[in-house]
Amino acid sequence: MRILISALFAIALSNYAIAEEITACDVEAAHPSDPNHVGPGKETANVDTFAGIAACRYAVKNSPETARFHYQLGRSLVYQGEMEEGTLHVKHAADMNYVQAQFVLGLLSKGKDMCQAESLIKAAADQGLKSARITYVSDFLGGSLGDCTPSASIKEMSAYLEEARLQMSDYYENMLLNSLMRELKKHQ
């Protein structure tokens, strides 16, 4: 009986094992606010771009179907100033429906194609990315959408902010959110 209980316990624990192995690419280039990052993540200022590029090139070569690696390689390349190649990898990850890449590609598109930026940021907001939800509403309220007609209604944008509230943990984030909510109510 003890053996059976031990075996069942071992099987149950195996279900809680880390689903994905942490790679050198994850250690060097994961963003801490990426909801799909593996490992601790690094803030922008702490990314060693040379190490990130090397580790993520290796990861992409060995696992080209993993969107996370393309995003992280793109992130490292963009930080290194290699905008064209970096953007291509971020776009590849966004095309694979990687939410953080959609958001970042939207940010990279601002100033070039605001309608594309709006579409990408909205896609990330629709998937629940807090940064995208707040950015989308902020862009709308700030008039940053230019000639693009927002594809999210005022009601949808209100929902973005209500849902983002559930993801907030900091006093200043809540101040920003409350300010955006007050401004958005003026458009109803």
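**Helix packing and buried sites**

Let me begin with Y171, which counts as exposed at 58% relative accessibility (exposed is over 50% relative accessible area, buried under 20%, partly exposed in between, with a 1.4 Å probe and protein chains only). Before I go on: this is a predicted model, where local features need pLDDT of at least 70 and side-chain atom pairs count only at pLDDT 80 or more, while totals for chains, interfaces and linings use all residues. Residues are numbered from 1 along each chain as its sequence is written, and side-chain values use heavy atoms, with hydrogens and water left out.

Y172 is exposed too, with a relative accessible area of 58%. The structure holds three aromatic pairs. In one of them, the ring centres of Y171 and Y172 are 5.2 Å apart and the planes stand at 80 degrees, so this pair is edge-to-face. The rule takes rings of Phe, Tyr and Trp (its six-membered ring) with centres within 6.5 Å; planes under 30 degrees apart are stacked, over 60 edge-to-face, and the rest tilted.

Next, the helices, which are DSSP runs of H or I with at least four residues, numbered from the N terminus. The contact (heavy atoms within 4.5 Å) involves I154, M157, S158, L161, E162, A164 and R165 of helix 9, with N174, L177, N178, L180, M181 and L184 of helix 10. Those residues divide into eight nonpolar, three polar and two charged. For the classes, Ala, Val, Leu, Ile, Met, Phe, Trp, Tyr, Cys and Pro are nonpolar, Asp, Glu, Lys and Arg charged, and the others, Gly among them, polar.

Now helix 4 (residues 67-80) and helix 5 (residues 83-95), whose axes come within 7 Å and cross at roughly 160 degrees. Helix 4 is therefore roughly antiparallel to helix 5. On the helix 4 side the contact includes Y71 and R75, and on the helix 5 side H89 and V90. By class, this contact has eight nonpolar, six polar and two charged residues.

Y71 and R75 also turn up at H31. H31 lies in the loop between helix 2 (24-29) and helix 3 (49-62), and at 15% relative accessibility it counts as buried. Beyond neighbours within four places in sequence, H31 is in contact with H37, G41, K42, Y71, R75, Y79 and Q100.

Ten of its eleven residues are buried, so helix 6 is largely enclosed by the rest of the structure. The cover over those buried residues includes helix 4, helix 5, helix 7 and helix 8. Just after helix 6, G111 has a positive phi of about 85 degrees.

Last, L129, in the loop between helix 7 (114-126) and helix 8 (130-141). Buried or exposed? L129 is buried, at 6% relative accessible area. Leaving aside neighbours within four places in sequence, its contacts are S33, P35, V99, Q100, F103 and A124. L129 and Q167 are 38 residues apart in sequence, and 9.3 Å apart in space, C-alpha to C-alpha.

Technical notes: Axes fitted to C-alpha atoms, helices over the stretch in contact; angles between N-to-C directions. Helix = DSSP H or I, 4+ residues; strand = E, 2+ residues; numbered from the N terminus. Parallel < 35°, antiparallel > 145°, perpendicular 65-115°, else oblique.
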